[in-house]
Amino acid sequence: MGRKFFVGGNWKCNGTTDQMDKIVKILNEGQVPSTDVVEVVVSPPYVFLPVVKSQLRPEFQVAAQNCWVKKGGAFTGEVSAEMLVNLGVPWVILGHSERRSLLGESNEFVGDKVAYALSQGLKVIACVGETLEQRESGSTMDVVAAQTKAIAERIKDWTNVVVAYEPVWAIGTGKVATPDQAQEVHDGLRKWLATNVSAEVAESTRIIYGGSVTGANCKEVAAKPDVDGFLVGGASLKPEFIDIINSATVKSA
């Protein structure tokens with residue numbers, strides 16, 4: 001059994017109730033492969049999670065864009081993993097580069113979040129990726145390995161983890177890692193997992209690509225052997241998200 005293609009849509013801090021209705025309508029009417037070919041998860045802002053979840057076609061799941069690092073309590077403005085579980089939200093995105101850079105989330109903090117979310121029964125899309133300076137200095141693999149190591153040191157079971165490689169220089173910039181650049185890092189991450197976790201985890205863990213993915217460029221990237229799907233930003237708010245979901249058929253062709 002190969003790794004099932006995974007497409008996540010990160011809606012970030014965007015939208016109104018009317019826009020949510022429109023996006024959900026597009027998703028519900030879209031022609032996409034069956035759930036044995038592709039797993040689709042969309043991540044609206046917290047406040048829209050219940051309404052999107054209730055209106056979305058049943059084979060599409062929802063994810064929160066973040067959650068708190070431990071049990072709830074006196075943490076104003078935070079949302080705990082337990083609350084997400086209580087709402088029936090199965091997935092959470094953790095360690096997104098915007099949170100790492102804008103909010104100062106360290107590798108260790110992200111690792112703690114991943115471990116706690118998993119312990120509460122959530123599935124996790126764990127994000128890693130390098131900045132332009134880090135890529136240009138040749139330290140891409142060192143950076144993503146350190147980010148992955150902080151997670152690996154804190155968890156035992158990788159079954160409910162999807163790793164999202166998102167080069168920071170490609171997020172929202174229109175610059176896309178070439179298919180070969182994406183494959184190179186995905187291959188490097190898989191080898192890191194094989195060496196530092198286990199061959200089994202390396203083989204079974206899905207590593208998806210994020211960074212200016214569009215309907216136009218997705219098929220070429222999807223064809224690479226170690227690219228197991230996408231985490232899509234801006235394009236996940238548009239009809240072309242359906243085209244990106246359909247790139248899963250490249251794997252089953």
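Visitor: Is Cys67 buried or exposed?
Guide: Keep in mind that this is a predicted model. Buried means under 20% relative accessible area. Cys67 comes out at 0%, so this cysteine counts as buried.

Visitor: How many disulfides does the structure hold?
Guide: A disulfide needs a pair of cysteine sulfur atoms within 2.5 Å. For Cys67, the nearest cysteine sulfur is that of Cys127, 12 Å away. The sulfur of Cys218 is 19 Å from its closest cysteine sulfur, in Cys127, which is too far for a bond. The number of disulfides held here is zero.

Visitor: Which helix gives the most to the lining of the largest pocket?
Guide: That pocket has about 390 Å³ of space. Among the 15 residues lining the pocket, Lys12, Cys13, Gln65, Asn66 and Arg99 are the closest to its centre. With three residues, the top contributor to the lining is helix α4.

Visitor: Which residue does Arg154 meet in a salt bridge?
Guide: Side chains of opposite charge can pair when their charged atoms come close. Here the N to O distance is 2.7 Å. Arg154 sits in the loop between α7 and β6 and its partner in helix α5, so the pair ties together parts 42 residues apart in sequence. The partner is Asp112.

Visitor: Is Arg57 buried or exposed?
Guide: Arg57 forms a salt bridge with Glu59, with the closest N and O atoms 2.9 Å apart. Glu59 is partly exposed, at 33%. Arg57 has 14% relative accessibility, so Arg57 counts as buried.

Conventions. Residues numbered from 1 in each chain as written. Predicted model: local features only at pLDDT ≥ 70, side-chain atom pairs only at ≥ 80, totals over all residues. Heavy atoms only, no water. Buried < 20%, exposed > 50% of the residue type's maximum accessible area, 1.4 Å probe, protein only. 1 Å grid on protein atoms, 1.4 Å probe; cavity = no way out; pocket = protein on both sides within 12 Å on 5 of 7 lines; lining within 4 Å. Points joined across faces, edges and corners; volume = space filled by probe spheres on them. Helix = DSSP H or I, 4+ residues; strand = E, 2+ residues; numbered from the N terminus. Salt bridge = Lys/Arg side-chain N within 4 Å of Asp/Glu carboxyl O.
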